[in-house]
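This report describes selected features of a protein model, from single residues to helix packing. The sequence and structure are shown first.

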Amino acid sequence: MDDLPDHGFETALVSQLSQPATRLLGRPLRFFDTIDSTNTLAARLAREDAAEGTVVIADAQTGGKGRLGRNWVSPPGVNLYLSVILRPRKLTSAAPQLSLLASVAVAETIVQQTQLAPTIKWPNDVLVAGKKVCGILTEMQANGSQLRAVVIGIGVNINAPLASFPEALQDKASSLFLMRGEPVDRAAFAVSLLTHLEKLYVLWLEKGFPAVGAAWEGYASDLLGKSITVTAPEGIISGTVRGIDRDGALLVETVSPEGQARPSSRVQRILAGDVTVVDGY
Ligand code: BT5
């Protein structure tokens with residue numbers, strides 16, 4: 001866990017992927033010791049017609065991206081930063097479903113590789129014991145209303161020590177190593193993640209979102225029935241979580257303000273935003 005490039009990681013990855021773990025994802029796989037952002041490169045490759053399944057992985061990122069211009073802390077030698085190019089023949093409105101799908105793949109991989117008990121915070125943060133261990137950034141390229149490519153960027157804090165997080169993050173973020181008390185094999189985790197992602201992607205293509213949504217709700221069950229506040233593009237919405245619908249939108253029951261002649265409740269569909277649970281989450 002020092003600052004030297006970890007060629008062992010690349011070698012182990014390539015060797016484990018050469019066993020037929022996946023048919024689509026990671027074929028080809030582009031590995032970098034350091035990159036600005038795997039998503040930025042994957043988006044460029046996608047514009048240049050890279051094949052579906054192309055994966056960009058880096059040992060470190062100098063400009064790791066979060067959503068809405070936020071940053072992703074990406075130290076070398078310890079974590080996983082990868083981006084996958086997919087080309088589903090679907091409408092652009094289906095793209096957010098891939099973020100939810102990716103969070104299920106990460107949660108399943110954490111269970112399989114560490115026996116920890118992950119939860120998902122809508123839309124796609126993966127937490128262990130209430131701390132964020134994974135973030136997902138999905139970016140799309142479109143031809144009109146049709147998807148041309150989707151880049152799913154996944155960052156998982158695997159073996160990061162607490163000191164590698166800036167102080168402001170130390171009570172909100174964690175790593176699988178910190179939660180489990182022993183290191184996790186990064187290459188095995190990466191290959192397992194690509195395997196789970198591929199299985200769910202094929203399921204989604206064949207059966208649509210509901211097949212994946214049930215698994216998502218299983219990991220996000222903490223959130224059901226909770227009072228939340230969502231900062232969404234349409235404004236700040238407060239209400240009670242009722243689940244997700246068959247398109248992956250969060251369903252929030254809101255009550256019109258007290259004092260109104262006839263208080264009434266209605267369920268709003270929210271497709272994007274940041275959730276804060278009123279009682280802490
Ligand atoms: C995300 O954004 O959670 C999406 C992160 C996606 C990162 C991957 S790494 C591979 C690929 N290449 C990229 O350049 N990006 C993707 P958001 O929900 O906006 O959360 C960002 C916030 O999480 C930050 O503002 C911090 O508060 C916090 N954060 C930053 N780095 C973190 C880390 N390593 N672990 C946990 N939390 C972190």
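A residue is called buried when its relative accessible area is under 20%. The model discussed here is predicted. Cys134 has a relative accessibility of 0% and therefore counts as buried.

Cys134 lies in strand 6. Its C-alpha is 7.1 Å from that of Ile154, although 20 residues separate Cys134 and Ile154 in sequence. Apart from neighbours within four places in sequence, Cys134 is in contact with Trp72, Val106, Asn124, Asp125, Val126, Ile154, Gly155 and Val156.

Thr254 belongs to strand 10, which spans residues 250-255. Thr254 has a relative accessible area of 9% and is therefore buried. The side chain of Thr254 forms a polar contact of 3.3 Å with the side chain of Gln268. When residues up to four places away in sequence are not counted, Thr254 touches Ile237, Ser238, Gly239, Ser264, Ser265, Arg266 and Gln268.

| Residue | Strand | Relative accessible area |
|---|---|---|
| Cys134 | strand 6 | 0% |
| Thr254 | strand 10 | 9% |

How many of the ten residues of helix 2 are buried? Seven of them are, and helix 2 (residues 38-47) is thus mostly covered. The buried residues are Thr38, Asn39, Leu41, Ala42, Ala43, Leu45 and Ala46.

At the start of helix 2, a side-chain oxygen of Ser37 comes to within 3.1 Å of the backbone nitrogen of Asn39. Just after helix 2, Asp49 adopts a positive phi of about 75°.

**Packing of helix 1 on helix 5**

Helix 1 (residues 7-18) packs with helix 5 (residues 186-207) at an angle of about 40°, and their axes are 8 Å apart. Helix 1 is therefore oblique to helix 5. The crossing of helix 1 and helix 5 is right-handed. Helix 1 contributes Phe9, Ala12, Leu13, Gln16 and Leu17 to the contact, while helix 5 contributes Arg186, Ala187, Ala188, Ala190, Val191 and Leu194. By class, the contact of helix 1 with helix 5 comprises nine nonpolar residues, one polar residue and one charged residue.

Conventions
Residues are numbered from 1 along each chain as its sequence is written. This is a predicted model: local features need pLDDT of at least 70, side-chain atom pairs count only at pLDDT 80 or more; totals for chains, interfaces and linings use all residues. Side-chain values use heavy atoms; hydrogens and water are left out. Helices (H or I, at least four residues) and strands (E, at least two) are DSSP runs, numbered from the N terminus. Buried means under 20% relative accessible area, exposed over 50%, partly exposed in between (1.4 Å probe, protein chains only). A polar contact is a pair of N or O atoms within 3.5 Å; within protein, one must be able to donate a hydrogen and the other to accept it, and residues adjacent in sequence count only if both atoms are side-chain atoms. Contact means heavy atoms within 4.5 Å. Axes are lines fitted to C-alpha atoms, for helices over the stretch in contact, and angles run from 0 to 180 degrees between N-to-C directions. Angles under 35 degrees count as roughly parallel, over 145 as roughly antiparallel, 65 to 115 as roughly perpendicular and the rest as oblique. A crossing is left-handed if the near helix is turned anticlockwise from the far one by less than a right angle, and right-handed if clockwise. Ala, Val, Leu, Ile, Met, Phe, Trp, Tyr, Cys and Pro count as nonpolar, Asp, Glu, Lys and Arg as charged, and the others, Gly among them, as polar.
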